[in-house]
Amino acid sequence: MMCGQKCKNKVDMWTSKLGKQYRKDEVDFDAAKADLDVIRNLRENKRCADCGTQGTVWSSVNLGCGSFHRALGTHISKPKGCTGTYLW
């Protein structure tokens, strides 16, 4: 069975947790995770700038401290993990 021109033009897409779409062939998760690990391991990023918690892996994209704001509920805060396992 042949699918014709429609199948040839099909591009696999990845949708981030915030709803933005990216072409899967343009997303390099390994490189993004490596870059994120470098940023997370900087001395000034060892503590949360908002609450002082050490070793947090969360960030709130709309309010600041993700570890604290995770408990508020997603209707108030948008906490996202900073481990590089998915795109924001």
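Student: In which element is D37 found?
Tutor: The model is a predicted one, in which local features need pLDDT of at least 70, side-chain atom pairs count only at pLDDT 80 or more, and totals for chains, interfaces and linings use all residues. Residues are numbered from 1 along each chain as its sequence is written, and side-chain values use heavy atoms, with hydrogens and water left out. Helices are DSSP runs of H or I with at least four residues, strands are runs of E with at least two, and both are numbered from the N terminus. On that basis, D37 is found in helix α2.

Student: Is D37 buried, partly exposed or exposed?
Tutor: Buried means under 20% relative accessible area, exposed means over 50%, and partly exposed lies in between, with a 1.4 Å probe and protein chains only. Because the relative accessibility of D37 is 22%, this residue counts as partly exposed.

Student: How far apart are the closest N and O atoms of K33 and D37?
Tutor: A salt bridge is a side-chain nitrogen of Lys or Arg within 4 Å of a carboxyl oxygen of Asp or Glu. K33 and D37 lie 4 residues apart in helix α2 (residues 29-40), so about one helical turn separates them. K33, with a relative accessible area of 35%, is partly exposed. The salt bridge between K33 and D37 has its closest N and O atoms at 3.1 Å.

Student: What is the N to O distance in the salt bridge of R40 and D37?
Tutor: R40 and D37 both lie in helix α2, 3 residues apart, which is about one turn of the helix. R40 is partly exposed, its relative accessible area being 28%. The side chains of R40 and D37 meet in a salt bridge with an N to O distance of 3.8 Å.

Student: How many salt bridges does the structure hold?
Tutor: K10 is exposed because its relative accessible area is 62%, whereas D12 counts as partly exposed at 47%. R23, D25 and E26 are linked in a network of salt bridges. The number of salt bridges in the structure is 5.

Student: Which residue does the side chain of R47 join in a polar contact of 3.4 Å?
Tutor: R47 lies in the loop between α2 and β3 (58-60), and touches G52, T53 and Q54 when residues up to four places away in sequence are not counted; contact here means heavy atoms within 4.5 Å. A polar contact is a pair of N or O atoms within 3.5 Å; within protein, one must be able to donate a hydrogen and the other to accept it, and residues adjacent in sequence count only if both atoms are side-chain atoms. At 3.4 Å, the side chain that R47 joins is that of Q54.

Student: Which residues make the nonpolar surface patch of about 230 Å²?
Tutor: Patches are made of residues with over 30% relative accessible area and no salt bridge, like charges being joined within 9 Å and nonpolar side chains (Val, Leu, Ile, Met, Phe, Trp, Tyr) within 5 Å. One of the residues here is I76, in the loop between α3 (66-69) and β5 (79-81), and I76 counts as partly exposed at 41% relative accessibility. The patch is made by L63, L72 and I76.

Student: Which element has the lowest mean pLDDT?
Tutor: The predictor's confidence in each residue, from 0 to 100, is its pLDDT; the mean for the chain is 75, and 76% of its residues reach 70 or more. Where pLDDT is low, the predicted coordinates should not be read in detail. Among the elements of the chain, strand β2 (residues 21-23) has the highest mean, 88, and the lowest, 56, belongs to helix α1.

Terms used:
Areas by Shrake-Rupley, 256 points an atom, 1.4 Å probe, with all protein chains shown as cover.
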